[in-house]
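User: I have some questions about how the terms are applied here. Please set each value against its cut-off.

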Amino acid sequence: MELKDYGLREGAFADIVLDAETVPEAVAARPKRKLVLKRGKPVVRDGKALFRVE
């Protein structure tokens, strides 16, 4: 994709979803999100948002 500052390294943005053991499991089972990080900060934990939309 040739995006600037893209990839896994110290200082890079950390937009990831951790919710399954494998990619096929995540696609097929669609489990509740255990943890979602946006730019390295948690925004969802155990399926619940850690923020409010106003």
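Predicted model: local features only at pLDDT ≥ 70, side-chain atom pairs only at ≥ 80, totals over all residues.

User: What share of the residues is buried, and what makes a residue count as buried?

Analyst: Buried means under 20% relative accessible area. Of the 54 residues in the protein chain, 11% are buried.

User: Which elements does the protein chain have, and in what order?

Analyst: The order from the N terminus is β-α-β-β-β. That comes to one helix and four strands.

User: Why are β2 and β3 called paired?

Analyst: Pairing needs at least two bridges between two strands. Strand β2 (residues 35-38) and strand β3 (residues 41-45) have four bridges, so they pair. They run antiparallel. One of the bridge partners is Pro42 in β3, which faces Leu37 in the pairing.

User: Why is β4 counted as a strand, and what makes it a partner of β3?

Analyst: A strand needs at least two residues; β4 covers residues 48-49, so it qualifies. Two bridges join β3 to β4, and the cut-off is at least two, so they pair. They run antiparallel. Val44 has Ala49 in β4 as its bridge partner.

User: Where in the hairpin of β3 and β4 is there a positive phi?

Analyst: At Asp46, with a value near 50°. This hairpin has two residues between the strands.

How values were computed. Residues numbered from 1 in each chain as written. Heavy atoms only, no water. Buried < 20%, exposed > 50% of the residue type's maximum accessible area, 1.4 Å probe, protein only.
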